[in-house]
Amino acid sequence: MSELEAAGSAAVPAAAAQHSIVECFERAAAAHRARTAILSNLWQPTYEELNRCANRLAHKLLARRGAAGDRVGILMDNDSPLLAALLAVLKARRVAVPLRSADPVEQLRQVIAHVAPDLLVTDSSHRQLASEIAPANCDVMDFVDHTLEGSADNPDIRVSADNAVLAYSSGSTGLPNAVMITHGQIIEDIGRVSRGLEIVPQDRIAHFAAVNTLSAIKSSLLALLSGATLCPFAVAQRGIGHLADWLSEQQITVYISGTSFFRNFVKSLPDGRQFPHMRVVRIGGESGTASDFAAFRKHFRPGSVFIHGYAASEVGSIAQLRLTHGDPVPKGRLPVGLPFEGLKVSIEDDEDKTVAQGEVGKIVVRGNALAAGYWRNAALTVSRFGQESAGRIFRGGDLGRLNDSGLLEYVGRTDSQVKIRGFRVMLPDVEDTIVGMPGVEGAAVCTIEQPNETVRIVAYVVLNRDAPANPAPGQSPASLHDASISSLRRQVRTILPDHMTPSEFVVVDRLPQTATGKIDRQKLQQM
């Protein structure tokens with residue numbers, strides 16, 4: 001089987017890519033005026049209130065100097081007003097650039113220099129920071145000051161399906177890239193996910209990530225373009241230990257998060273904890289495992305659905321595997337299933353030729369609704385995007401294979417495939433082995449290049465918190481770790497060949513995560 005074809009979902013209308021986010025949101029706002037759009041602690045606007053607020057700011061933006069396509073940075077608290085500002089920027093035919101206020105000041109300055117916005121929209125708690133990072137030719141506008149009065153009518157202009165959002169990829173394995181996403185691509189992607197999750201206006205969709213990443217922006221718009229209620233949960237302020245009660249209290253029906261976040265969450269749950277209102281759980285960003293599906297079956301009610309998704313910033317959602325309680329638990333790493341309708345996926349080698357089934361190769365995606373490219377990086381855009389007679393093509397840095405059932409399996413990034421003493425090693429295979437060992441709660445594997453140009457493997461391991469906490473008489477906590485690691489190394493060596501066995505095991509309290517919930521391997525190597 002050389003190419004995967006999508007199956008099972010309804011087709012997206014051919015004209016979908018010609019619609020704008022603004023058009024779709026205004027339609028949802030008109031149809032669900034009195035329904036709560038965002039359920040947050042700061043502001044709980046109805047669809048009508050959210051739309052009117054965004055309109056006031058949009059009219060102020062249109063009255064300023066500037067033109068369609070200008071970049072507007074948004075530096076605000078991760079809450080309802082930020083989403084109103086995002087909609088306002090799009091209504092004014094500008095390109096929205098959500099910024100993460102938790103990032104270091106110097107990093108924000110680098111982003112601002114790269115994006116070159118004409119304006120920063122901010123709130124009172126970030127006014128000083130906005131003034132510090134804004135260059136001389138960039139104005140700063142206070143959100144509240146420009147939304148208290150003025151016309152609340154929809155601006156009488158047509159917003160094209162061209163560029164909408166400039167956001168940075170996760171940067172979990174290197175410097176992030178600024179990806180330019182169009183209205184049409186976002187609408188197409190949200191259509192795929194909405195049908196895959198069967199979203200309805202009665203849904204209450206949990207939201208965890210800061211709205212400066214494409215995945216977070218799209219999950220927010222998934223709710224707001226469907227007439228559903230978006231329910232943000234501030235993990236950094238409230239802590240994951242309070243999440244279970246919140247999900248029950250708010251009667252959340254749709255859970256979407258990164259795989260690592262889901263694992264941390266379910267590990268905090270006591271036996272018997274259930275969520276009677278939840279109908280779908282979707283994880284992605286990193287490969288899910290049989291243990292993740294088993295945890296789902298343990299804590300989420302019969303009748304609910306488990307979705308294992310695969311996506312890329314440049315394409316959006318690519319494929320999903322749908323499992324129910326009655327399905328058998330697969331072994332090891334979960335496949336990501338079949339691609340959505342409108343996308344074709346093939347596995348190719350370095351010469352762009354299709355590999356045999358079961359072999360690892362680069363995941364190549366073909367479809368029309370792909371990202372516009374990388375901001376101010378023409379060389380990278382040309383190297384990864386192309387045009388064929390049947391449509392556009394994207395060759396990213398992900399590796400995959402087709403299993404015996406013809407389902408796509410995500411294997412890792414191209415930099416997760418390394419040569420050790422002449423042998424090709426897939427680092428995710430090493431990770432899977434370690435995670436499967438008794439007493440291991442989590443693991444991530446990285447490589448370190450030696451001065452003599454050789455490469456060694458280092459495993460960062462989170463030990464099970466249920467392990468004995470107190471050392472025996474005369475035994476220090478450090479020696480307990482040493483004993484556990486020595487035992488783990490012996491077990492790994494019985495399964496993996498010598499060239500795949502990590503030369504060093506480092507015990508860590510937790511695996512650091514990026515803003516999108518992926519393991520942050522750069523930070524790991526600095527620990």
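The model is predicted: local features need pLDDT of at least 70, side-chain atom pairs count only at pLDDT 80 or more, and totals for chains, interfaces and linings use all residues. Residues are numbered from 1 along each chain as its sequence is written, and side-chain values use heavy atoms, with hydrogens and water left out.

**Exercise 1.** Find which residues line the largest cavity, then sort the lining by class.

*Solution.* Start with the term: on a 1 Å grid over the protein atoms alone, a cavity is a set of points where a 1.4 Å probe fits but cannot get out, and lining residues have an atom within 4 Å of a point. Next, the residues: Leu61, Arg64, Arg65, Gly66, Asp70, Arg71, Val72, Arg94, Asp118 and Leu119. For the sorting, Ala, Val, Leu, Ile, Met, Phe, Trp, Tyr, Cys and Pro count as nonpolar, Asp, Glu, Lys and Arg as charged, and the others, Gly among them, as polar. That gives 3 nonpolar, 1 polar and 6 charged residues.

**Exercise 2.** Work out where Gln251 is found and whether this residue is buried, partly exposed or exposed.

*Solution.* First, look in the loop between helix 9 (243–249) and strand 10 (254–258); helices (H or I, at least four residues) and strands (E, at least two) are DSSP runs, numbered from the N terminus. Then apply the cut-offs: buried means under 20% relative accessible area, exposed over 50%, and partly exposed in between (1.4 Å probe, protein chains only). Gln251 counts as partly exposed because its relative accessibility is 41%. Finally, check the backbone: Gln251 is not a glycine, yet its phi is positive, about 55°.

**Exercise 3.** Identify which strands pair with strand 16.

*Solution.* Two strands pair if DSSP finds at least two bridges between them. On one hand, strand 15 (residues 344–348) runs antiparallel to strand 16, joined by 5 bridges, with Ser346 opposite Val364. On the other, strand 19 (residues 391–402) pairs with strand 16 in the antiparallel sense over 6 bridges, and Lys362 stands opposite Leu399. As for cover, 6 of the 7 residues of strand 16 (residues 361–367) are buried.

**Exercise 4.** Describe the surroundings of Ala223.

*Solution.* Ala223 lies in helix 7 (residues 214–224). With a relative accessible area of 0%, Ala223 is buried. Leaving out residues up to four places away in sequence, Ala223 touches Tyr47, Ile205, Ala228, Thr229 and Leu230, where contact means heavy atoms within 4.5 Å.

Conventions:
1 Å grid on protein atoms, 1.4 Å probe; cavity = no way out; pocket = protein on both sides within 12 Å on 5 of 7 lines; lining within 4 Å.
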